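Here is a short tour of this chain, meant to be read with the model open beside you.

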Amino acid sequence: MNDDDVRSLNSQVEAAVSGAIGRQLPDLADADPVVRRSEHADFQANAALALARRARTRPAELAGTLADALRTAEATPVAEVTVSGPGFLNLVVSDSAIWGQIAARLASTRLGVAASEQGRRTVVDYSGPNIAKDMHVGHLRTTIIGDCLARVLTFLGADVIRQNHLGDWGTQFGMLIQYLEEHPDAPWHHDQLTDGASTVSALDGLYRAARKAFDADPTFADRARARVVALQGGDGATVARWREIVAESEFAFREIYDRLGVLLQPEDSAGESFYNPWLPEVVEELTAAGIAVESDGALVALSNEITGPDGNPVTLMVRKTDGGYGYDTTDLATIRYRIRDLKADRILYVVDARQALHFTLIFEAARRAGWLTDDVDVTHVAFGTVLGPDGRPFKTRSGDTVKLMDLLDAAVDAASATVLDRSHDRSDEELATIAAQAGIGAVKYADLSTSRIKDYAFDVERMVSFNGNTGVYLQYAHTRICSILRKAADANAEIDPTIPPHSAERVLALQLDAFGDAVAEVGRDLEPHRLGGYLFDLAKAFTDFYESCPVLSAEPPVRNNRLALCQLTARTLGQGLDLLGIAAPERM
Ligand code: ARG
């Protein structure tokens with residue numbers, strides 16, 4: 001533990017109940033004390049119900065025994081214990097313990113949150129858009145979720161390595177390059193484009209045209225195939241053109257990253273082509289180990305664990321009949337590199353749920369090859385699909401996939417309208433900044449506050465609402481507290497731990513104290529919506545507090561304690577929003 005770490009009351013109470021169990025029932029010392037926040041007291045422990053049978057007694061009796069043990073225990077924050085119902089333990093912590101926690105968290109730059117992931121080298125693979133293709137809504141989810149996890153894990157002390165696995169290699173580039181050679185006047189460089197048109201949109205259009213030509217004109221198809229060979233063979237001019245396409249596409253992705261405010265930097269890019277030099281030796285290794293086997297002229301890795309609908313084992317394509325390598329081979333080389341060269345302790349693949357089978361097979365092959373051992377934790381952090389506002393697959397009116405930039409524009413426009421209603425005294429420039437923060441925050445929050453694996457409907461109007469569980473609601477809650485604090489010259493006065501807290505102060509204080517546990521849980525279970533839910537509950541607890549406990553009109557020492565609660569709530573909301581990657585302006 002660090003000096004700065006503040007152990008939550010929840011975990012202190014858990015330890016107290018565990019201690020009582022250990023003294024009364026040494027055999028069951030490791031049992032879960034089942035401590036939860038409660039409406040009837042500060043906490044409730046249900047251990048007696050869970051353990052009575054194993055302890056050969058009745059729950060009420062066991063609860064009584066544990067209550068006695070808790071009452072005589074030393075150095076616990078528990079001040080009152082009562083038994084209720086069939087054997088619940090209702091636990092109230094002391095007033096001084098409550099205020100002590102608030103003071104300790106306020107005194108810490110990291111709000112007392114323990115560095116539970118300290119030193120754990122964690123690769124986060126996210127975003128991974130495809131070169132010369134527009135980013136679509138699926139890429140929105142991986143980018144937002146991955147960035148949130150990178151932020152949370154960094155805050156928890158992990159040594160985070162962000163990896164942007166760009167789709168920058170494949171035979172399609174031969175076709176595109178050949179088409180560009182034959183249509184030198186087609187504009188696609190960012191300095192040739194006007195009206196905010198993006199380079200990837202232009203390239204995407206040219207790629208479609210190239211496909212058409214490929215299907216319609218056999219002589220073009222032959223020239224395109226020759227170009228693929230030239231690219232793979234390292235022909236100077238062809239490779240230079242490919243590099244240009246990658247650079248221009250990255251330019252367009254960067255515009256989206258900047259707008260979203262994600263952490264990804266150019267040096268985080270390690271696209272598919274990065275792994276090319278290792279592919280032959282990876283294939284050799286897998287072949288020598290008997291994992292990759294011949295099948296109709298190709299090399300495949302058959303799963304030992306999973307069979308397809310036809311009853312045969314499912315496969316990874318290790319080398320195609322034409323000798324080429326694809327997505328599967330690259331991901332095999334990638335996992336080997338991340339374990340062997342990056343020395344990862346943990347690898348997270350933040351990728352669409354539809355790739356679940358792919359990753360199961362990659363992990364299985366990596367285990368069999370001996371690259372992936374029990375010391376390394378790998379997870380496919382899967383997520384569901386973004387649907388249109390009507391809950392159907394998300395398409396434009398003309399049936400195309402929806403472009404990310406258009407979605408972000410729509411969110412910022414909707415946020416402008418909402419913000420305009422509220423912020424009358426702002427300059428146009430300030431309003432534009434606020435609308436961007438609110439609109440982008442709304443998109444991110446709508447995504448991060450739904451359980452990852454679920455599909456969700458992209459409904460801009462609901463996202464930017466000031467009411468309900470939205471990013472705008474949380475940002476606004478934060479600004480309201482900042483405004484209270486601006487009006488108090490004495491906002492940093494000392495807490496008086498002897499003042500009995502009002503019930504709404506108690507609820508707020510306990511919620512504030514649970515921040516570190518909520519963040520640690522996200523670091524462990526990789527479910528950002530838990531943090532979103534926590535912040536929403538915190539904002540509601542603050543509203544209830546503010547309704548029943550006047551702050552600025554109160555007299556010291558009550559006023560000081562309330563100001564401290566305001567301070568800690570503002571900082572916790574600000575920090576929590578930052579971990580979600582959402583701006584927390586002080587005024588809106
Ligand atoms: N480019 C891929 C796509 O758009 C995502 C890459 C995910 N990462 C990986 N290591 N396969 O679907």
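Two elements, helix α11 (327-340) and strand β10 (346-352), each contribute at least two residues to the shell around the ligand. Keep in mind as you look that this is a predicted model. The residues of the shell are D125, G128, N130, H165, G167, D331, T334, Y349 and V351. Sorted by class, this shell has two nonpolar, five polar and two charged residues.

Next, a pair of helices. How do the axes of α6 and α7 cross? Helix α6 (residues 172-182) and helix α7 (residues 199-216) have axes that come within 9 Å and cross at roughly 95 degrees, which means that α6 lies roughly perpendicular to α7. On the α6 side, the contact is made by Q172, M175, L176, Y179 and L180, and these meet L206, Y207, A209, A210, A213 and F214 in α7. The class count for this contact is ten nonpolar residues, one polar residue and no charged ones.

Now turn to a sheet. Four strands form an open sheet in the order β1-β2-β4-β3, and the pairing is antiparallel. Which strands lie at the edges? They are β1 (35-37) and β3 (78-84), each of which pairs on one side only. Ignoring direction, neighbouring strands in this sheet are turned against each other by 25 degrees on average. Inside the order, β2 (residues 43-45) and β4 (residues 88-93) run antiparallel and are joined by three bridges.

| Elements | Angle |
|---|---|
| α6 and α7, axes | roughly 95 degrees |

Finally, step back to the whole chain. Its secondary structure amounts to 20 helices and 13 strands. The C-alpha trace spans about 85 × 65 × 40 Å along its principal axes. What share of the 588 residues counts as buried? The figure is 42%. As for contacts between residues at least 6 apart in sequence, 74% of them join residues at least 24 apart.

Terms used
Residues are numbered from 1 along each chain as its sequence is written. This is a predicted model: local features need pLDDT of at least 70, side-chain atom pairs count only at pLDDT 80 or more; totals for chains, interfaces and linings use all residues. A residue is near a molecule or strand if its C-beta atom, placed from the backbone, lies within 6 Å of it. Ala, Val, Leu, Ile, Met, Phe, Trp, Tyr, Cys and Pro count as nonpolar, Asp, Glu, Lys and Arg as charged, and the others, Gly among them, as polar. Axes are lines fitted to C-alpha atoms, for helices over the stretch in contact, and angles run from 0 to 180 degrees between N-to-C directions. Angles under 35 degrees count as roughly parallel, over 145 as roughly antiparallel, 65 to 115 as roughly perpendicular and the rest as oblique. Two residues are in contact if their C-beta atoms, placed from the backbone, lie within 7 Å. A residue is buried if 20 or more other C-beta atoms lie within 10 Å of its own, exposed if 12 or fewer, and partly exposed in between; C-beta atoms are placed from the backbone. Two strands pair if DSSP finds at least two bridges between them.
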